[in-house]
Amino acid sequence: MAITDVFASIPVADRDAAAAWYERLVGHAPDLIPNAEEAAWKLGESAWIYLIEDAERIGSALHTLLVDDLDGFLAELSERGIAFGAVETIPAAVRRTIVSDPDGNRIQIAQPLTGA
């Protein structure tokens with residue numbers, strides 16, 4: 001048996017309000033809106049994030065998105081009005097920053113260092 005896909009949830013207060021922010025983060029509208037409480041984006045061949053209205057868990061998500069060009073990705077976020085923290089380098093591992101959505105969920109954006 002093999003794991004074939006990852007569907008990572010992000011609890012939010014209001015799906016539609018959060019979806020507008022995540023559209024700016026990801027750069028396009030949701031790929032899937034299965035019901036009134038959820039919206040999902042396909043990030044890669046087998047990787048998805050999805051919003052779910054869940055009042056008890058709002059702000060509890062922490063996910064990491066790996067990118068191949070951190071500076072380029074952050075420039076795109078700036079153009080879309082998404083704020084991010086300082087870029088930190090973890091030697092022999094990654095360069096990274098944190099983005100927080102309006103509900104307080106944190107998304108680490110990281111680029112693996114060459115040879116890491």
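Q: Hi! What kind of model is this, and how are residues numbered?
A: It is a predicted model, where local features need pLDDT of at least 70, side-chain atom pairs count only at pLDDT 80 or more, and totals for chains, interfaces and linings use all residues. Residues are numbered from 1 along each chain as its sequence is written, and side-chain values use heavy atoms, with hydrogens and water left out.

Q: Why is the pair of W21 and Y22 edge-to-face?
A: Their ring centres are 4.8 Å apart and the planes sit at 75°, so the pair is edge-to-face.

Q: Are those two buried or exposed?
A: Both W21 and Y22 are buried (under 20% relative accessible area, with exposed over 50% and partly exposed in between, using a 1.4 Å probe and protein chains only).

Q: And what about Y22 and W41?
A: Y22 and W41 make a tilted pair, 6.1 Å centre to centre with 40° between the planes. W41 is buried, as is Y22.

Q: Which residues do ring pairs link into a cluster?
A: F7, W48 and Y50.

Q: New topic: which residues lie nearest the centre of the largest pocket?
A: L43, A47, I49, L65 and L66, out of 16 lining residues. A pocket is an open set of points on a 1 Å grid over the protein atoms alone, where a 1.4 Å probe fits, with protein on both sides within 12 Å along at least five of seven lines; lining residues have an atom within 4 Å of a point.

Note on methods
Phe/Tyr/Trp six-rings, centres within 6.5 Å; stacked < 30°, edge-to-face > 60°.
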